[in-house]
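Subject: Structure handover

Hello,

Here is the structure that I said I would pass on. Please open it beside this email and follow along residue by residue.

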Amino acid sequence: MGSISPTAQRIAVIGAGPGGLAAAKYLKAEKCFEVIDIFEQRASVAGVWVATPEASQDPTFTIPRTRPSKVPSQAHFQSTPDGNTKGPVFVSPVYDSLDTNIPHTLMNFSDFPFPDAVPLFPSHKIVRQYLEDYSVNIRHLIKFSTQVLDVKPVEGGRWWVTTKEVVSGKEEQKLYDAVIVSSGHYDDPYLPDIPGLVEWERSFPGSISHSKFYRRAEDYRGKKVVVVGNSASGSDISNEICKVSANPLLISERNSGTLSITQNPSIEIVGEITSFDKDNRSIHFSCGRIEKHIDYTLFATGYMYSYPFLQNLSPLPPVCSSGLRVENIYFNMIYHPAPTLFFTGLPQRVVPFPIAEAQMAAIARVLSGRLQLPSGKAMHAEEQQRLAGRVDDKAFHDMKFPEDVDYINSLHCWASLAQRNVILENDGIGKLPAHWNEDKRWLRSIMPEVKAASRLLGDRRHKIKTLAELGFEFEKSKLGKI
């Protein structure tokens with residue numbers, strides 16, 4: 001075995017949500033880096049899982065919003081009853097009743113299961129506590145309430161990173177050998193530009209909003225509501241609001257509704273909105289329907305990829321110009337024009353915690369010098385091949401089953417090929433994520449069915465702790481009994 005020389009000594013990680021915590025774990029496990037600095041703008045770990053029930057608006061939010069923001073997220077500072085200041089608070093998309101859409105037995109990090117007593121689909125509060133517990137042995141690496149303002153390339157593949165202490169405003173610049181971006185993609189909401197939208201909002205301020213700012217159904221009691229979009233959040237929010245709003249609640253969408261929505265007598269699915277007309281507060285739909293006297297329109301139209309701190313990459317090519325995808329990216333995680341800039345958590349429609357963990361197993365080994373990257377030409381070719389297989393840029397990062405499982409396993413296999421180091425665990429192989437075997441693949445394949453079965457139970461779903469209680473068992477499925 002030859003000597004191993006790390007390709008980097010000083011690492012900066014942006015974000016202490018699930019991806020950033022996984023980054024810290026796998027970097028630390030390599031036992032070779034001089035500096036691992038994790039910058040988190042919030043005052044605690046867990047990223048978007050830090051709910052902000054009192055902060056439901058963002059002064060930087062614009063209507064419409066079709067391009068990624070060029071300015072950092074804005075902090076809120078709130079006063080406590082004793083007159084002290086609470087903060088910084090950054091608006092989270094988590095609403096009061098949010099449960100996961102993924103069973104915790106699939107969602108968890110490989111070396112850190114959820115407690116047995118928690119519901120199969122945990123609440124956001126449980127997930128936040130889970131991440132708090134997961135972070136215990138790497139918390140000393142995190143610089144809280146510190147926002148990254150700028151990441152600028154330096155000759156030799158290094159990076160100047162400019163940060164700001166959110167409370168004091170003090171700025172600092174440090175040089176790093178590599179930067180890992182783990183800031184997520186649920187912060188910069190997308191809201192389409194529709195004829196009449198701006199005039200409507202001017203006439204009825206606050207009547208147009210985005211699901212990022214939704215908190216509770218009670219805010220819409222007795223009101224006539226249109227929800228735009230029927231993804232996971234749109235579906236959940238619609239089912240909540242329709243219990244108290246004027247009926248029917250209208251869902252405007254391009255695609256057909258899910259089974260649970262179409263069976264709800266309090267909800268009606270309509271076509272795409274073609275225009276807003278402030279006269280009579282009417283909305284026109286692609287099906288020819290005109291609905292009058294609308295009180296609120298809530299857009300559940302997703303988010304843009306947005307990195308305000310990566311605007312000064314010149315002469316390198318851009319990372320994210322449209323907000324639809326990250327550009328110049330290899331294998332959904334490596335910026336191939338300067339492969340000392342990495343990303344975790346870019347894929348969508350996936351199980352995110354294991355994805356981030358598998359990505360970091362490979363990234364940490366690359367930075368420690370135990371794993372080699374392909375050539376720049378090969379990395380560019382992989383991106384072009386992926387582009388050719390997608391309908392448009394918006395679908396570039398989508399990984400529907402089984403692509404996500406294959407991606408996790410390919411990263412596991414790649415990490416397993418790293419040069420061994422006798423000081424590391426697993427007989428020198430180092431820390432490894434799980435390889436998803438037949439049982440995990442089965443559960444991933446039926447995940448929507450499991451969630452649908454849980455929803456049918458209403459509030460009783462919070463008492464369900466196992467798949468078997470919902471009628472799903474892996475061994476029986478192999479025998480064709482399910």
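Predicted model: local features only at pLDDT ≥ 70, side-chain atom pairs only at ≥ 80, totals over all residues.

Residues are numbered from 1 along each chain as its sequence is written, and side-chain values use heavy atoms, with hydrogens and water left out.

The whole chain

The protein chain has 12 helices and 22 strands; helices (H or I, at least four residues) and strands (E, at least two) are DSSP runs, numbered from the N terminus. Its radius of gyration is 23 Å, close to the 23 Å that the globule rule gives for 482 residues, so the chain is as compact as a globular protein of that length. That radius is taken over C-alpha atoms, and the rule is 2.2 Å times the number of residues to the power 0.38. Along the principal axes, the C-alpha atoms fill a box of roughly 75 × 60 × 55 Å.

How much of the chain is buried? Of the 482 residues, 52% count as buried. Buried means under 20% relative accessible area, exposed means over 50%, and partly exposed is in between (1.4 Å probe, protein chains only). The chain exposes about 21,400 Å², and carbon and sulfur atoms supply 51% of that area. Accessible areas come from the Shrake-Rupley method with a 1.4 Å probe; for residues, only the protein chains shown count as cover.

A contact means heavy atoms within 4.5 Å. Among contacts with a separation of 6 or more, 66% are between residues 24 or more positions apart.

Helix H7 covers residues 352-368. At 1.5 Å a residue, its 17 residues should span 24 Å, and its end C-alpha atoms are 24 Å apart, which agrees. The expected span is 1.5 Å times one less than the number of residues. H7 is mostly covered, with 16 of its 17 residues buried. Just after this helix, Gly 369 takes a positive phi of about 85°.

In helix H3 (residues 124-134), the buried residues are His 124, Val 127, Tyr 130, Leu 131, Glu 132 and Tyr 134. What do they pack against? The buried residues of H3 pack against H1, helix H2 (104-107) and H7. An α-helix has 3.6 residues a turn, so residues three or four places apart point the same way.

Helix H5 (residues 232-241) is largely enclosed by the rest of the structure, because seven of its 10 residues are buried. Among them are Gly 234, Ile 237 and Ile 241.

Two loop residues on either side of H1

Gly 15 sits in the loop between strand S1 (10-14) and helix H1 (18-29). Is Gly 15 buried or exposed? Gly 15 has 9% relative accessibility and so counts as buried. Leaving aside residues up to four places away in sequence, Gly 15 touches Gly 20, Ile 38, Phe 39, Glu 40 and Ser 182.

Cys 32 lies in the loop between H1 and strand S2 (35-39). Its relative accessibility is 25%, so Cys 32 counts as partly exposed. With residues up to four places away in sequence not counted, Cys 32 touches Pro 6, Gln 9 and Ser 368.

Backbone exceptions

Most residues other than glycine have a negative phi, and most peptide bonds are trans. The following places depart from that pattern.

- A cis peptide bond joins Ile 63 and Pro 64, with omega about -5°; Pro 64 is in the loop between S2 and strand S3 (76-79).
- A cis peptide bond also joins Ser 314 and Pro 315, with omega about 10°; Pro 315 is in the loop between strand S19 (303-304) and strand S20 (329-330).
- Asn 332 is not a glycine, yet its phi is positive, about 60°. This residue is in the loop between S20 and strand S21 (334-335), and at 3% relative accessibility Asn 332 counts as buried.
- Arg 349 also has a positive phi of about 60° without being a glycine. Arg 349 is in the loop between strand S22 (341-343) and H7, and at 53% relative accessibility it counts as exposed.

Regards
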